[in-house]
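These are my notebook entries on one chain. I record what I looked up, entry by entry.

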Amino acid sequence: HKVTPDRVHHDRYVRGSLIFVKLLDQFHEAVSEKVKEKLQYTTPINKTKLRSENFSREKVRKFVLEDNLQDLIALAMEDSRVINELQRMVYTPDELQRWKIIEALGEVSKSVAAKRPDLISKLIGNLLQNAAYPGASAWGSLEAIGTIISKNPQLFREFTQPLLSFIAQENLRRGVIWAIGKIASADPGIAKYAFRALSAFLDNADPVIRGYAAWAIGNIGFDDAATKLRELETDAGRLSLWRDGELRDVTVGQLAHE
């Protein structure tokens, strides 16, 4: 599945592309045996909707505002509409509130994915679509994807590459770079192929882009950018960075030094 952020492919408007891969005959038997082997240890997913009489939008919002993750997660395990409501709440112009909602969505997704990974895969797909639609509000969509992947990298790692494809769009670049940095903080190996693209943004005119790129590269951990990062240690450009549950005011130089 190829995500096409600019919605144009070979001069045609598209929603996306599906690529079908046919295995050569000699691989069929081996693949079939592997699938049978994995199915022995896999619990089938019952894709019924989760519904509870306890659900209400007001409860979800109350739990979020009170930082009551325990009750929020418990309600989400009973009713999948909690995930939908949290997704709607992400699109708030209040920056600090948006980050708190993204963090809550990540924690909820981690718990729900243990029993219903299909619901979280669908959520990530919806967030990608929201970011891709021209004119749609993508506030927090890509950051939410990065947070969800970071909470369960082995389960949702395949979404990292379509996430990175949005880096070509200038208006979405901040979100993509932060999301890659968040994923790298949990599993650097998943994000390592983004290193070259991130390195190119260390010279960007936007201090937020430079700072996010320095932070993300530090999380990936390659030494190749060390020289350039040292040059940025005196960069006084300021930005806000959400990490460790706080929105912190930092400089590009501080992040480069780290």
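**Entry 1: burial and surface.** I began with burial and found that 47% of the 258 residues in the chain are buried. I take buried as under 20% relative accessible area, exposed as over 50% and partly exposed as in between, with a 1.4 Å probe and protein chains only. The model is a predicted one, in which local features need pLDDT of at least 70 and side-chain atom pairs count only at pLDDT 80 or more, whereas totals for chains, interfaces and linings use all residues. Residues are numbered from 1 along each chain as its sequence is written, and side-chain values use heavy atoms, with hydrogens and water left out. I then looked up the accessible surface: the chain exposes about 14700 Å², and carbon and sulfur atoms supply 50% of that area. The areas come from the Shrake-Rupley method with a 1.4 Å probe, and for residues only the protein chains shown count as cover.

**Entry 2: secondary structure and contacts.** I noted 15 helices and four strands in the chain. Helices (H or I, at least four residues) and strands (E, at least two) are DSSP runs, numbered from the N terminus. For contacts I used heavy atoms within 4.5 Å. Of the contacts with a separation of 6 or more, 62% are between residues 24 or more positions apart.

Entry 3: I looked up how β3 (residues 238–243) and β4 (residues 246–251) are joined: they run antiparallel, with six bridges between them. Two strands pair if DSSP finds at least two bridges between them. Ser240 stands opposite Asp249 in β4. Two residues lie between the strands of this hairpin, where Asp244 takes a positive phi near 55°. Asp244 also forms a salt bridge with Arg248, with the closest N and O atoms 3.6 Å apart. A salt bridge here is a side-chain nitrogen of Lys or Arg within 4 Å of a carboxyl oxygen of Asp or Glu. Asp244 is exposed, at 63% relative accessible area, and Arg248 is partly exposed, at 29%.

**Entry 4: the nonpolar core.** Which residues touch the most other members of the largest nonpolar core? I found Leu72, Leu86 and Ile177, in a core of 76 residues. Helix α13 (residues 207–220) gives the most to this core, with nine residues. Such a core is a set of buried Ala, Val, Leu, Ile, Met, Phe, Trp, Tyr and Cys residues joined through side-chain atoms within 4.5 Å. Leaving aside neighbours within four places in sequence, Leu72 is in contact with Val60, Phe63, Val64, Val82, Leu86, Ala104 and Val108.

**Entry 5: other salt bridges.** I recorded a count of 17 salt bridges. Asp206 and Arg174 form one of them, the closest N and O atoms being 3.0 Å apart. Asp206 lies in the loop between α12 (195–199) and α13, and Arg174 in helix α10 (residues 173–186), so the pair ties together parts that are 32 residues apart in sequence. Arg174 is partly exposed, with 42% relative accessible area. Lys62 and Glu66 meet in another salt bridge, at 3.3 Å from N to O. Lys62 is partly exposed at 45% relative accessibility, as is Glu66 at 46%. A network of salt bridges links Arg57, Arg61, Glu85 and Arg88.

Is Glu85 buried or exposed? Glu85, in helix α4 (residues 81–90), is buried, with a relative accessible area of 1%. Not counting residues up to four places away in sequence, Glu85 touches Arg57, Val60 and Arg61.

Entry 6: Helix α10 is mostly covered, with 11 of its 14 residues buried; among them are Trp178, Ile180 and Lys182. Ala194, in the loop between α11 (188–191) and α12, is buried at 0% relative accessible area. Ala194 touches Leu164 and Ile180, not counting residues up to four places away in sequence. The C-alpha atoms of Ala194 and Ile180 are 7.7 Å apart.

**Entry 7: Phe195.** I located Phe195 in helix α12, where Phe195 is buried at 11% relative accessible area. Leaving aside neighbours within four places in sequence, its contacts are Ile217, Ile220, Phe222, Asp224 and Ala225.
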